[in-house]
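Student: Could you take a close look at one part of this structure with me? I would like to know what sits inside and what it packs against.

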Amino acid sequence: MAVADAIGAAIAAGELRPGQQLPTHRSLADNLGVDLTTITRAYSEARKRGLLHATVGRGTFIRSQGQLAPPQKSPRGPVDLGMNVPPLPPDAQLQHLLRKGLSRLMAKSEAAELLTYQSACGTLEQRAAGTLWLRPTFGKLNVERVLVCSGAQSALTAVLGTLAQPGNVVLTDALTYPGLRAAAAQLSIQLVGVATDADGILPGALERACRKVRPQALYCIPTIQNPTTATMPLQRRRAIAEVARRNDLRVIEDDAYGLLPSSPLPAIASLAPEISFHVATVSKTLSPALRIAYLAVPDAAWAMRMRTALQSTALMASPLLTSLVTAWVNDGTANTVVSAIRRESAARQAMAREVLPAGSFAAHPEGLHLWLNLPSRWDRRDFVASLQQQSGLVVVASDAFAVVTTRLPEAVRVSLGAASTRDRLHGALESVAAALRRQSVPPFAGVV
C-alpha cells in the first residue's frame with residue numbers, strides 16, 4: 001500500500017509522467033529490499049487505482065490522462081490468493097465479537113490502563129492466558145516461560161538476534177517463510193537450507209548440516225509448513241529434537257498454524273524444552289488484526305534475556321489487543337473462533353480438491369494454503385504473470401520462499417483464506433485450473 005501511495009504521490013508531483021515505464025517487479029523489489037510478491041501486489045493495487053497499465057511482453061507504464069480508469073473499489077474485484085490469512089467464517093461473527101469484546105474492555109473501571117504503557121511482555125494474567133493458548137501443543141506450561149509479543153515477526157527477530165550474531169548460520173527448510181529471510185537479512189545472519197521430504201526436515205540431513213556448517217540454531221515450521229504444507233509426524237519431531245540435543249543446537253519453532261488441525265501435534269518445544277524457542281501467533285488462527293504472539297522460552301533466565309531483546313525492538317505488545325485476546329482465551333471465545341476458522345478452512349480445502357486437478361498440489365485438509373506443482377510446460381514466473389494478466393489473481397512463486405536460488409521447484413503457493421466468500425474462491429480456483437489446463441504458454445517470461 002505504501003508503494004502504491006508513493007506512485008500516486010509521484011504522479012501528482014509530476015515526478016512520474018504519463019507513458020513513463022516503471023522498473024520491473026524484480027528490480028524494484030531488489031532496490032527496496034522487499035519480497036518480489038510485495039511489489040507485485042503494489043503494482044496490482046496501483047492498477048486498481050487507475051494509475052498504471054501493463055502490456056504483455058513490454059512492461060508496466062504510467063497511464064495517460066485519456067487512459068485513466070476509475071479505482072476498482074467493487075468487492076467483486078480479483079480474489080487475493082497471495083496473502084496467507086485465515087478466512088472469515090460466517091458462523092463466528094468475528095466482527096461482532098471484536099466490537100463486543102472491545103466495548104466490554106473499555107466499559108471497565110480500569111479501562112484507562114489500556115491506553116497507556118504497560119509491563120513489557122505481558123502481565124502475569126496475560127502470560128497465564130498464553131499458557132492456556134499453548135496447552136493443546138504443550139500440555140502444562142510454567143507461566144514464567146511465556147512472554148507476550150507484538151506479533152510473530154517481532155518475536156522471531158528478537159530470538160534470532162539473541163541466538164546468533166552477524167555472519168552466523170541458522171538452518172532452515174530450503175523453502176521457508178519469507179519473514180524469516182527478511183529478519184535474517186536485517187541481522188546479517190546466513191540461512192542454510194536443509195533437505196526435506198513430505199514429512200519435513202530430514203534428520204540425517206540436519207545431522208550432516210550441523211557437522212558441516214556449525215549452525216547457531218534451526219528454524220522450522222513443523223505444522224503446515226509455509227509454503228510446502230508439510231506437517232512433521234510425532235516420530236519426525238522426536239528425531240529432530242534428538243539431533244538438535246546431540247549437536248547443542250537451539251530450535252526456533254514457528255507454530256503459526258499449530259492449532260488449526262483438529263488434533264494438534266505436540267510442539268517440538270514440548271519434547272525438548274531446554275533448547276527450544278516456540279513462537280505462536282494468533283494472526284493465523286484468530287485474526288491478523290490481533291497482532292499478538294506468545295513466545296515460550298526454556299526457563300526464567302531466558303525469559304529475562306528475551307524480555308530485554310523484545311523491549312529493544314517493540315517495547316510492548318498493544319495493551320488493548322493483548323487484553324482482548326486474554327479475555328477471549330479465558331472465556332472460551334478464542335476456541336470458538338479457532339473452531340469456526342478450522343471448519344471454514346476444511347471446506348475451502350475440499351473445494352480446492354474438487355476444482356483443481358487431482359494430485360496437482362500438496363495441502364493439509366485444515367490448512368490455509370496449498371502448494372501447487374505446475375505442469376512441465378509451465379515456468380513458475382510465466383504462470384504467475386499469466387494468471388495475473390488473464391484473471392487479476394496473485395499467487396506466490398517458489399522464489400519468494402527460497403533460501404538458495406538454484407534448482408527451484410516449478411510451484412506456487414495458493415492461499416485460500418482471503419476470499420470473502422466460498423463462491424468467490426470457487427471462481428478464483430476455476431481460473432487457476434483453467435490456467436493449468438492451458439496448452440499454449442504465452443511469452444510471459446519477460447514480465448516479472
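Tutor: Start with helix H12, whose buried residues are Pro319, Thr322, Ser323, Leu324, Val325, Thr326, Trp328 and Val329. Keep in mind that this is a predicted model. H12 runs from residue 319 to residue 331, which makes 13 residues. From first C-alpha to last, H12 reaches 18 Å. That is close to the 18 Å expected at 1.5 Å a residue.

Now look at the spacing in the buried list. Pro319 and Thr322 are both in it, and so are Val325 and Val329. An α-helix has 3.6 residues a turn, so residues three or four places apart point the same way.

What do the buried residues of H12 pack against? Their partners include three helices: H4 (94–107), H5 (124–138) and H13 (333–355). Strands S3 (146–149) and S11 (293–296) are partners too. Then check the end of the helix. Just after H12, Gly332 takes a positive phi of about 90 degrees.

For another view of packing, turn to helices H2 (residues 25–32) and H3 (residues 36–48). They pack at an angle of about 120 degrees, with their axes 8 Å apart. The crossing is right-handed. On the H2 side, His25, Arg26, Leu28, Ala29 and Leu32 take part. They meet Leu36, Ile39, Thr40 and Tyr43 in H3.

Asp173 is found in strand S4 (residues 169–173). Asp173 is buried yet has no salt bridge. The nearest side chain of opposite charge, Arg236, is 8.3 Å away. Among the residues Asp173 touches are Val194, Ile201, Tyr219 and Gln225.

Terms used: Residues numbered from 1 in each chain as written. Predicted model: local features only at pLDDT ≥ 70, side-chain atom pairs only at ≥ 80, totals over all residues. Heavy atoms only, no water. Helix = DSSP H or I, 4+ residues; strand = E, 2+ residues; numbered from the N terminus. Buried < 20%, exposed > 50% of the residue type's maximum accessible area, 1.4 Å probe, protein only. Lys, Arg positive; Asp, Glu negative; His and termini not counted. Salt bridge = Lys/Arg side-chain N within 4 Å of Asp/Glu carboxyl O. Contact = heavy atoms within 4.5 Å. Expected span 1.5 Å × (residues − 1). Axes fitted to C-alpha atoms, helices over the stretch in contact; angles between N-to-C directions. Left-handed = near helix turned anticlockwise from the far one by under 90°.
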